[in-house]
Amino acid sequence: MLHGVTCIVGGGDVAAEARARGAGLEETARDMRYAFLELAAKQLEADVIATAHTADDNAETLLLNLVRGSGLQGLCGIPPRRGNIVRPMLGVTRAEVEQYLAERGVPHMEDESNQDLSYARNRVRHQVMPVLRQLNPRATEHMADTIARLRQDNDVLSAQAARVAAQARPAEGSYVIACKEFDLLPDAVALRALRRLIQRAGGENVTAAHLEAVKGILRGE
């Protein structure tokens, strides 16, 4: 118990788990962290899980997704809320957090892996972001503003897609919707509606290539 808050500690072998999954270390570590947080929340009967992601984390995510060829959804960065996960510090920079801790003499730990440049995020953090701040000292804040605007646009498109997907009728474990409905839709809405329908029907790991292929079938001969 620290400051009246129960402390639950967990651990695991990320490297071994990554080998067993055939997945990357960063992806595996993230999955294991969230699995631990969900377990801790259940033990404490907590309704939400608050993480300490900052505006810097969001800017790094934007850049990583950009170079990976992400669509608008990926360029929206880290969502402020997803299910029971909330991220109240996305509007605060890492420097502001460190300054707050220093002024109040609050000790903290730094994950030693944060300095390992074999991880893509760390290369962006330590090599790319400093260059961008040389170009504009407020690069992080401006990228946060861009993310907020992109999220507004994405929310509008997603809402339109949800209305289209709601028109589909269930049929033997699948969903049926007239092809002509998609002929009238902009691609940005049609692809989002398709993703919703495929996921609703049990499809997982739906990629952009999958969606483009299905769209081509619907709009073909």
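Let's start at Glu45, which is exposed, with a relative accessible area of 71%. You'll find Glu45 in the loop between helix H2 (25-44) and E1. Its backbone is worth a look too: phi of Glu45 is near 55°, a positive value in a residue other than glycine. Keep in mind as you look around that this is a predicted model.

Follow the chain out of that loop and you reach the sheet. It is an open one, built from three strands in the order E1-E3-E2, with mixed pairing. Strand E1 (49-50) and strand E2 (81-82) are the edge strands, each pairing on one side only. E1 runs parallel to strand E3 (residues 85-86), and two bridges connect the pair. To spot the contact, look for Ala50, whose bridge partner in E3 is Val86.

Now for the charges. Side chains of opposite charge can pair when their charged atoms come close. In this model the count comes to 13 salt bridges. Take Arg21 and Asp31, whose side chains meet in a salt bridge at 2.9 Å, N to O. This pair links distant parts of the chain, with Arg21 in helix H1 (residues 14-21) and Asp31 in helix H2, 10 residues apart. Arg21 counts as partly exposed because its relative accessibility is 40%, and Asp31, at 32%, is also partly exposed.

Next, find Asp57 and Arg125, which form a salt bridge with 3.3 Å from N to O. Asp57 sits in helix H3 (residues 55-67) and Arg125 in helix H6 (residues 120-135), so this pair ties together parts that are 68 residues apart in sequence. Are these two buried or exposed? Buried means under 20% relative accessible area, so Asp57 counts as buried at 12%, and Arg125 counts as buried at 15%.

For another salt bridge, go to Arg104 and Glu103, where the closest N and O atoms are 3.5 Å apart. Arg104 is partly exposed, with a relative accessible area of 47%, while Glu103 is exposed, with 55%. Some salt bridges also share partners, and in that way Asp57, Glu60, Arg94, Arg121 and Arg125 are joined into one network.

Which residues form a negative surface patch? They are Glu98, Glu110, Asp111 and Glu112. Glu98 belongs to helix H5 (residues 94-104). With a relative accessible area of 41%, Glu98 is partly exposed. A patch residue needs over 30% relative accessible area, so Glu98, at 41%, clears that cut-off.

Terms used:
Residues numbered from 1 in each chain as written. Predicted model: local features only at pLDDT ≥ 70, side-chain atom pairs only at ≥ 80, totals over all residues. Heavy atoms only, no water. Patch = residues over 30% accessible without salt bridge, like charges linked within 9 Å, V, L, I, M, F, W, Y side chains within 5 Å. Areas by Shrake-Rupley, 256 points an atom, 1.4 Å probe, with all protein chains shown as cover. Salt bridge = Lys/Arg side-chain N within 4 Å of Asp/Glu carboxyl O. Lys, Arg positive; Asp, Glu negative; His and termini not counted. Charge placed at Lys NZ, Arg CZ, Asp CG, Glu CD. Helix = DSSP H or I, 4+ residues; strand = E, 2+ residues; numbered from the N terminus. Buried < 20%, exposed > 50% of the residue type's maximum accessible area, 1.4 Å probe, protein only. Pairing = 2+ DSSP bridges.
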